[in-house]
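Please open the structure in a viewer and keep the selection tool at hand. The stops below proceed one selection at a time, each with a short account of what is found there.

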2 protein chains.
Amino acid sequence: MSKHALVLMSGGLDSTTVAAHALREGWEVRGLCIGYGQRHAREIDSAKAVAAALGVPLHVADAAFYGGLAAHSALTSEAHAVPSGRAPEAMAETIPVTYVPLRNTFFVTAAAAALESWMLARIEEEGIEPASLHAAVFVGANAIDYSGYPDCRPEFYEALERVLRLGSKLGSAYGVGIGIEAPIIRMSKAEIVAHGVALGAPLHLTWSCYAGGAVPCGTCDSCLLRAAGFAEAGVADPALAR
Amino acid sequence: MSKHALVLMSGGLDSTTVAAHALREGWEVRGLCIGYGQRHAREIDSAKAVAAALGVPLHVADAAFYGGLAAHSALTSEAHAVPSGRAPEAMAETIPVTYVPLRNTFFVTAAAAALESWMLARIEEEGIEPASLHAAVFVGANAIDYSGYPDCRPEFYEALERVLRLGSKLGSAYGVGIGIEAPIIRMSKAEIVAHGVALGAPLHLTWSCYAGGAVPCGTCDSCLLRAAGFAEAGVADPALAR
C-alpha cells in the first residue's frame, strides 16, 4: 500500500505537528501552504522553514484572490480588528471575527486537487494500480480549543470527504477515496504540544500569532491559546526562547 | 424574502442561460468569473461582455494558482491535448482529459465564500434579520450532455450543500443555508438553447470552445455539443453568425 499525504502547512504549531505525525506514520508527504490574502505573510515564511526542517517538498500557492472574495473577516480586512486579551471561555462563545468564510473548505479542496493531480499522474502516466494507492489530505484542525470555528468539527470533514469522493475522477472512476486526516482534532492544545515535542517536530520555527509583528503579540486569541497549551504541557515555548 | 444569488459565469452558453434564469426568477444577482489558469482567457472576455449585457456586477478572480495545483488536465497543461472530432457517445464513455481536478468543488466553494461574505455584511453591518435572507450559488452544471464529468451530478451538489451548511458561520450560527441551484442540470443542450433564447439571454456573446482561437474550432467536445444543441433546437448559433 502506497500512502500519499498532502499536508496543509500554515507554519503554525498545529499543522507542523500534523506534518511530523504523517511522516512518522510512514506517509509520503507533500506540503501545501496557501497565501489567501491574510493581512501578513509572516506565517508563510514559517511554513517554508518548517518544511525545510522536515525535508518535505512544499508548494506555496498564491490565492490572494480569496481574501478579496471572503473579505468579511479580521484576518483579511483592516476594517475588522483582531480581538485581544480574551479568556478562552469567551473565545468559544461565538464564532469570532477572525472566521474567514469557508476557508477550510477552500484549503482542503485545493489540497485535494493537488493530491488528485498527483494520483492521476501515478495511475495514468506511471501505470500504478489504483487499488494500491492510499491518499489523504492532512489538516491541523482542532475541535477542542477551536474557539468557535464551524469548519473545525469532525462532522464537517466527514461531509467533505463525501464531496471529494463524488466530485473527483479519482473517486468516481478509479475508486480511490481522498481521505481527510485530522489527527489532532480531539487533542487539547497541551496534548498537541506534548505530541509535537515527542515527534521532534520543529516547533521552534512555528508562528501562531494573528498579528504580523517581528515577535508574537502575546494577546490575540491564537497567542493566548498557544501560551496556555505550552504552560499546561509544562514545556517552554521554543519559538519565544530564540 | 430577500433573494441573493452568486452566479458562476464562465462566458459560456450554460452559465449565461443560468444568469438570465436567476434574474427572471427575481434574484438579486452578482456574478463571479474565475480565471483558474486555463490555457486561454478568451472565455473571461465573454463573461465580462455577458455580465455587462445582463446588467450584473461581475467579480473576476485571479485563481491562476489552481492550474498549477491541478495540472493533470488538458485545460490547464499543454502536455495534454484537447480531444477533437469525437461522437457524443464516445465523450460520455470515460471522464475526459479535459477534467480539471475538483474544479467545480473549488468554483462553488469560492462563490459560496463570496456569497457568505455578502450575507454576513448584511446581517452584521446592516442589521438585516437572518431569517429574511435567501442565498444560493447558481451553477451552469449539466448532467445530461455532461460528457462524463463527475462533478456535474445532482448527488454531488447535494453533498456539497451539506458541507456549506456545516462549514460556514452563515449556516451554523445564523441558520441561513447556502443553496446550490443548478436550474439546467437535467436539460438537454437543445433545451438549454431554447430556454436561453426564450429568456432573451445574450447568447451571441458566449464562448464555449476549449481552444483559444479567434473563432471557435468547431471540433472540440464543447463545440460539437453546442452545435448539436443549436441544430436540434432549430436555432442558428448567434455567436457564429457575427
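**First stop: one face of a helix**

Select α8 of chain A: the buried residues of this helix pack against α1 (13-24) and α9 (221-233) of chain A. Helices (H or I, at least four residues) and strands (E, at least two) are DSSP runs numbered from the N terminus. The model is predicted, so local features need pLDDT of at least 70 and side-chain atom pairs count only at pLDDT 80 or more, whereas totals for chains, interfaces and linings use all residues. Residues are numbered from 1 along each chain as its sequence is written, and chains are lettered from A and ligands numbered from 1 in the order in which they are written.

Within α8 (residues 189-199), colour A:Lys189, A:Ile192, A:Val193 and A:Gly196, which are buried. They lie on the same side of α8(A), because they cover an arc of only 100° around the axis; the arc is that of the directions from the helix axis to the C-beta atoms. A residue is buried if 20 or more other C-beta atoms lie within 10 Å of its own, exposed if 12 or fewer, and partly exposed in between, with C-beta atoms placed from the backbone.

**Second stop: chain A as a whole**

Now display chain A alone. It contains 10 helices and five strands, and buried residues make up 53% of its 242 residues. Among contacts in chain A between residues at least 6 apart in sequence, 74% join residues at least 24 apart. Two residues are in contact if their C-beta atoms, placed from the backbone, lie within 7 Å.

The expected span is 1.5 Å times one less than the number of residues. Of the 22 residues of α5(A), 19 are buried, so this helix is largely enclosed by the rest of the structure.

In the loop between α4 (88-93) and α5 of chain A, select A:Leu102. Phi of A:Leu102 is positive, near 55°, in a residue other than glycine. Most residues other than glycine have a negative phi. A:Leu102 counts as buried because 32 other C-beta atoms are within 10 Å.

Continue to α6 (residues 154-167) of chain A, which has 14 residues and reaches 20 Å from its first C-alpha to its last, close to the 20 Å expected at 1.5 Å a residue. Its buried residues include A:Phe156, A:Tyr157, A:Leu160 and A:Val163. What covers the buried residues of α6(A)? The cover includes α5 (103-124), α7 (169-172) and β5 (178-181) of chain A, together with α5 (103-124) and α6 (154-167) of chain B.

**Fourth stop: where the two chains meet**

Show both chains. A rotation of 180° with 0.0 Å of shift along its axis superposes chain B on chain A, with an RMSD of 0.0 Å. That is the relation of a two-fold axis. The same surface serves both copies, as 100% of the contact residues of chain B recur in chain A. Copies are superposed by least squares on the C-alpha atoms of residues with pLDDT of at least 70 in both.

Select the interface: 38 residues of chain B are in contact with 38 residues of chain A. On the side of chain B that touches chain A, the elements giving two or more residues are β3 (58-62), α3 (65-69), α5, α6 and α7 (169-172) of chain B. Of these, α5(B) gives the most, with 12 residues. The residues of this side divide into 24 nonpolar, eight polar and six charged. Ala, Val, Leu, Ile, Met, Phe, Trp, Tyr, Cys and Pro count as nonpolar, Asp, Glu, Lys and Arg as charged, and the others, Gly among them, as polar.

**Last stop: the nonpolar cores**

Select A:Ala110, A:Ala111, A:Val137, B:Ala110, B:Ala111 and B:Val137: of the 146 residues in the largest nonpolar core, these touch the most other members. A nonpolar core is a set of buried Ala, Val, Leu, Ile, Met, Phe, Trp, Tyr and Cys residues joined through C-beta atoms within 7 Å. Not counting residues up to four places away in sequence, B:Val137 touches residues including B:Leu6, B:Leu8, B:Val108 and B:Ile180. A second, separate core of six residues includes A:Trp207, A:Tyr210, A:Cys220 and A:Leu224.
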